[in-house]
Amino acid sequence: HLNPVSAESKSKHPSFLWDYDLNEVQVREILNQPGLSPQKIWLIERILTQARFKEIFLYLTLETIQLALPRLRLAPKIRRRWEYAVNYWMNHG
C-alpha cells in the first residue's frame, strides 16, 4: 500500500532521483497512471535499481513490479534477483 503524501513532502525529491527534477507528488502521479507508459517504466526501473530497499515498497507494490518486469531494462543479475524475489513473496507472503 502506498503511504499518503504529507504537505512537507510535496517539494521533496526522492533520494533515487537526485539527478532529476521530480518531486514526491510528481513521482506518485506518474506511478498512479494506468498502464505502463514509457515514463512509468523508466521510473519503476529507477526505483528498483537506485532506491534504498526500504523505499521501494513505499512506491511500488509486488503486483506492479511483477506486471512491469517483462518490460524493464535491467541488468541480468538485477532482473534475476527481482524475478526470484517477486515469485517467492507472491507465493509465500
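This is a predicted model: local features need pLDDT of at least 70, side-chain atom pairs count only at pLDDT 80 or more; totals for chains, interfaces and linings use all residues.
The protein has 93 residues, of which 38% count as buried.

The secondary structure consists of five helices and zero strands, giving the pattern α-α-α-α-α when read along the sequence. Among contacts between residues at least 6 apart in sequence, 51% join residues at least 24 apart.

The largest nonpolar core contains 25 residues, and within this set Ile47 and Leu60 touch the most other members. Each of H1, H2, H3, H4 and helix H5 (76-92) supplies at least two residues of this core. The largest share is that of H2, with five residues. In soluble globular proteins, nonpolar side chains tend to be buried together. Leu60 is placed in the loop between helix H3 (53-59) and helix H4 (62-68). The relative accessibility of Leu60 is 2%, and Leu60 therefore counts as buried, the cut-off being under 20%. Leu60 and Leu31 are 29 residues apart along the chain, and their C-alpha atoms are separated by 8.0 Å.

Side chains of opposite charge can pair when their charged atoms come close. A search of the whole structure finds three salt bridges. One of these is formed by Asp19 and Arg46, whose closest N and O atoms are 2.4 Å apart. Asp19 belongs to the segment before H1, whereas Arg46 is part of helix H2 (residues 38-50); the pair therefore ties together parts that are 27 residues apart in sequence. The two partners can be described separately in terms of accessibility. Asp19 is partly exposed, at 42% relative accessibility, while Arg46 has a relative accessible area of 11% and is buried.

A salt bridge also links Glu24 with Arg28, with a distance of 3.0 Å between the closest N and O atoms. Glu24 is located in helix H1 (residues 24-31). Because Glu24 and Arg28 are four residues apart in helix H1, about one helical turn separates them. Both Glu24 and Arg28 are buried. For Glu24, the relative accessibility is 5%, a value that counts as buried. The side chain of Glu24 is additionally joined to that of Tyr59 by a polar contact of 2.8 Å.

Glu55 counts as buried, at 9% relative accessibility. Arg52, in contrast, has a relative accessible area of 46% and is partly exposed.

Methods:
Residues are numbered from 1 along each chain as its sequence is written. Side-chain values use heavy atoms; hydrogens and water are left out. Buried means under 20% relative accessible area, exposed over 50%, partly exposed in between (1.4 Å probe, protein chains only). A polar contact is a pair of N or O atoms within 3.5 Å; within protein, one must be able to donate a hydrogen and the other to accept it, and residues adjacent in sequence count only if both atoms are side-chain atoms. Contact means heavy atoms within 4.5 Å. A salt bridge is a side-chain nitrogen of Lys or Arg within 4 Å of a carboxyl oxygen of Asp or Glu. A nonpolar core is a set of buried Ala, Val, Leu, Ile, Met, Phe, Trp, Tyr and Cys residues joined through side-chain atoms within 4.5 Å.
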